[in-house]
Amino acid sequence: MSKAWKELDLEGGGLQAVNARLAREMRTRPAAYAAWILFPLGLHRFYLREPLGGAGFLVLSAATLALAGFGPASWWLLPLIIGVPWALVDLWWIDRRVTDYNKELRKKLFLRKGQEPPQDYRGRYTSDEDARRELDEYQQLKEAEKPGQSGLAGRSDPARDAGGKRRMPSFNEQEAMLRQMRKDKKEGGGDG
């Protein structure tokens, strides 16, 4: 499958332009882990837009080479004692950094310039508990709906949420209301 659509210039094209830019700039875990293989060069840090960390790996690599060539016998091990554990911690860090980077990128691209995100905006669910809570609330709302109930004929209004505020009726609720209206029209000897 061709990825030529990623090369299209849709600037000024609204959501398509934002999505194309997002697809170009997002970071992936496989690429980050592949770059980690060359951790002495700090490529995984540069890939994940952490230039200070990448430069740190380069400095440690240069220090190791310099001490191996010109330093006392085993001093070249000192930068390795720092660099190797740091690289091993980065194996864990990469997963979190990819998530955080992509989330910040989404927020930056989808929010208009000059606007701040709403207070407590997190981009999307930050934990499984939040997602489960939202799903449970949605399922409870849907389970409370009964097929064929329309809110007519003295029943409670399904187009009201738990707080009593009006909301847009669901597709099923709209269908049930139409069936009830047709039924009432036939029973009442409607016009036509």
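Does Ile-81 count as buried or exposed, and at what relative accessibility? In this predicted model, Ile-81 has a relative accessibility of 58% and therefore counts as exposed, since the cut-off for that class is over 50%. Ile-81 lies in helix α5, which spans residues 77–110.

Val-84 is also located in helix α5. Its class is partly exposed, because its relative accessibility is 36%. That value falls between the 20% limit for buried residues and the 50% limit for exposed ones.

Ile-81 and Val-84 both contribute to a nonpolar surface patch. The patch covers about 800 Å².

Helix α7 was examined next. This helix runs over residues 171–187 and contains 17 residues. From its first C-alpha to its last, α7 reaches 24 Å. That span is close to the 24 Å expected at 1.5 Å a residue. Four side chains were classed by burial: Glu-173, Ala-176, Met-177 and Gln-180 are buried in α7. They lie on the same side of the helix, because they cover an arc of only 100° around the axis. Phe-171, Lys-185 and Lys-186 sit on the other side of α7, and these residues are exposed.

How values were computed: Residues numbered from 1 in each chain as written. Predicted model: local features only at pLDDT ≥ 70, side-chain atom pairs only at ≥ 80, totals over all residues. Heavy atoms only, no water. Helix = DSSP H or I, 4+ residues; strand = E, 2+ residues; numbered from the N terminus. Expected span 1.5 Å × (residues − 1). Buried < 20%, exposed > 50% of the residue type's maximum accessible area, 1.4 Å probe, protein only. Arc of directions from axis to C-beta. Patch = residues over 30% accessible without salt bridge, like charges linked within 9 Å, V, L, I, M, F, W, Y side chains within 5 Å. Areas by Shrake-Rupley, 256 points an atom, 1.4 Å probe, with all protein chains shown as cover. Salt bridge = Lys/Arg side-chain N within 4 Å of Asp/Glu carboxyl O.
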